[in-house]
Amino acid sequence: MEQMMFGIMMYLVALLTIGGIYAVIALGLNMHWGVSGLFNAGIAGFFAIGAYTSAILTTPTSIKHLGGFDLPVWLGMLASMIAAGIVAYAVGRICLRLRSDYLAIATIGIAEIFRLVLKNESWMTNGTRGIANVPKPFEDLGTPWSQLAFLAVVIVIVAAVYVVVERALNAPWGRVMRAIRENDDAAEAAGKDVVRFRLEAFVFGAMFMGLGGAMTAHSFKFIGPEATEPLLTTFLVWVMLIIGGSGNNRGAILGAIIVWAIWSMTQILTGFLPPDLAVRAATLRVFLVGLLLQVVLQRFSRGLIPEKSPTAAAATISQKVTPAP
Amino acid sequence: MLEFINFYLVPGLVLGCIYTLGAIGVSLLFGILRFAHFAHGDMMTLGAYLALLVIGLTGWPAIAAIPAAMLGTAVVALVIDRVSYRPFRSSPTIIIVIASFGIALMVRSAIQFTWGLEIESYRTGIHRPMVFFDSLRISGNHIQIVLTTIVLVGAVHYLLSRTKIGKAMRAMSDDPDLARITGIATERVITWTWIIGAGLAAAAGVFVGMDTQVNTFMGWNLLLPVFAAAILGGIGRPYGAIAGGMVIGIAEELSTYPWIGTAPLLSPGYKTGVAFGIMVILLIWRPSGLFRGRVF
């Protein structure tokens, strides 16, 4: 009994760890889509850049791939954000002046190109075999404590990212972003440099996607091309944000944890099935998540925690301060 | 020289046919419904698997299964449009793009659920290519693909230029508000757009199966070059899509030809990156495409 409780606890810890990592990525997507209306369909690409950058920088020297430079993990994570930001800058410079559909196509393209590079350039990435021995912080603490410590690291990062994006949204910068999303012509007429603001938001959000990639690599101690598959990274994150409530940072975090819990628990259920059925049931999971997305888009398009418009929030505050006579 | 034609130019032409049929649909849909249809690749996969079903049931050659595959895919596309895209007709189009992104995965997982994840092929065994003039070797499948594409493109051309519904489609693509004011039945035009787009996508999917094999990820891998072809041709310009598809298909195959020295110019692993490269250059230099499509 006690062993079972321990197992369930460890499962919950793992669930929250991965859910937290997804929350970081979903916060990045919220910056792109929820706040700025930029359709990024290539989350997997920025995720991959971050994951491989951090993996190559922090692993011990290896002949199988570029480096390992054996640097500390925090430096790897920082570098992953910078690398993803640089790529986002290049993509954004080309695509942000066009309509959002083009950005979607171009970001898918970027993600697919990165997958090609990861598979083909074995000198750098060890090809399809991926990079192993990625260090995980607090690894040597023993079984329950190392996982718990890593979860704590994830929670701290999620909280830090949340504070940063929340501050950005409540600052004048966030108001300009919302204005551009709602009506870019009006924002332009008000003298805002629309393309520059969009580029800033795009780079900003992509940095968190890169960070999420790095956290995944450190969490699994391994990164391979399969981890950058569009289904798991791009699609699932989109579903998370839309279900949670795009435009709302708390919605993004909640959506990430709920959708990841659904995804992970249905995997346990299919695990009980006989092997040939299990493969088919796995495809059914994707179908159901797709269906969930359709239902939410049509019926509850604002998500679990809808975006609060700044004016409404301000109005409630002023009402509290000065009660109506 | 003959090696160039046999192993690079002809496969490039065949690939160009496949991209062309996909790109015409993407371009028409973008022109009329104003959104990038992300499930288009998986419509191709669906067509390929429906043909597999027909071939398994009847034992016909793949080419004879094309009409059934086109019809079946068109019906599925119409159902999807009714259930999933139509409620968003008056919403910002980007919402439909998200919905189509989800539809793409739903279609793919439904195919995987029904047929499994294994790679399938229409015919087993070795096919000998036909030999012309002693050394020009062209496989029968390739001839069938090119000829069928010419017939299909001809039919689309007839439809767009001679029939009433085709003219209505072009009118709606040029100016939707004006089209509505002049009394064009927009929903009927949309229905026909789906029939044509999904039908051509299905044919392209069957061609992929005839040329190589059928797997559940083929559509996703085709999506990017098809979009690139549609952008190259100028989005909303079905005739441009023909040129775009051919250019991208041939460029992909020729990119691995040893133009300089004996090594391939580009490692075959990166062949699919060519379409993307062309697309990026276009987006920077001329986003309206070669034939002045719409710029957004």
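This is a predicted model: local features need pLDDT of at least 70, side-chain atom pairs count only at pLDDT 80 or more; totals for chains, interfaces and linings use all residues.
## Packing of two helices in chain A

Two packed helices are described by the angle between their axes and the distance between the axes. In chain A, helix α1 (residues 2–35) packs against helix α10 (residues 230–244) at an angle of about 70°, and their axes are 9 Å apart. Angles of 65 to 115 degrees count as roughly perpendicular, and α1(A) and α10(A) are therefore roughly perpendicular to each other.

On the side of α1(A), the contact is made by Tyr22(A), Ile25(A), Ala26(A), Leu29(A), Asn30(A), Trp33(A) and Gly34(A). Helix α10(A) contributes Val237(A), Trp238(A), Met240(A), Leu241(A) and Gly244(A). By type, the residues of this contact comprise nine nonpolar, three polar and no charged.

## The side of chain B that touches chain A

Contact between the chains involves 32 residues of chain B and 34 residues of chain A. On the chain B side, α4 (93–115), α9 (218–233) and α11 (273–285) each supply at least two residues. Helix α4(B) gives the most, with 13 residues. This side of chain B consists of 24 nonpolar, eight polar and no charged residues.

## The largest nonpolar core

The largest nonpolar core has 200 residues. Those that touch the most other members are Val24(A), Ile25(A), Ala26(A), Ala51(B), Ala202(B), Val206(B) and Ala228(B). Helix α1 (residues 2–33) of chain B gives the most to this core, with 15 residues.

Ala202(B) may be examined in more detail. Apart from its neighbours within four places in sequence, Ala202(B) is in contact with Met43(B), Met44(B), Leu46(B), Gly47(B), Leu50(B), Ala69(B), Met70(B) and Thr73(B).

Technical notes:
Residues are numbered from 1 along each chain as its sequence is written. Chains are lettered from A and ligands numbered from 1 in the order in which they are written. Axes are lines fitted to C-alpha atoms, for helices over the stretch in contact, and angles run from 0 to 180 degrees between N-to-C directions. Helices (H or I, at least four residues) and strands (E, at least two) are DSSP runs, numbered from the N terminus. Angles under 35 degrees count as roughly parallel, over 145 as roughly antiparallel, 65 to 115 as roughly perpendicular and the rest as oblique. Two residues are in contact if their C-beta atoms, placed from the backbone, lie within 7 Å. Ala, Val, Leu, Ile, Met, Phe, Trp, Tyr, Cys and Pro count as nonpolar, Asp, Glu, Lys and Arg as charged, and the others, Gly among them, as polar. A nonpolar core is a set of buried Ala, Val, Leu, Ile, Met, Phe, Trp, Tyr and Cys residues joined through C-beta atoms within 7 Å. A residue is buried if 20 or more other C-beta atoms lie within 10 Å of its own, exposed if 12 or fewer, and partly exposed in between; C-beta atoms are placed from the backbone.
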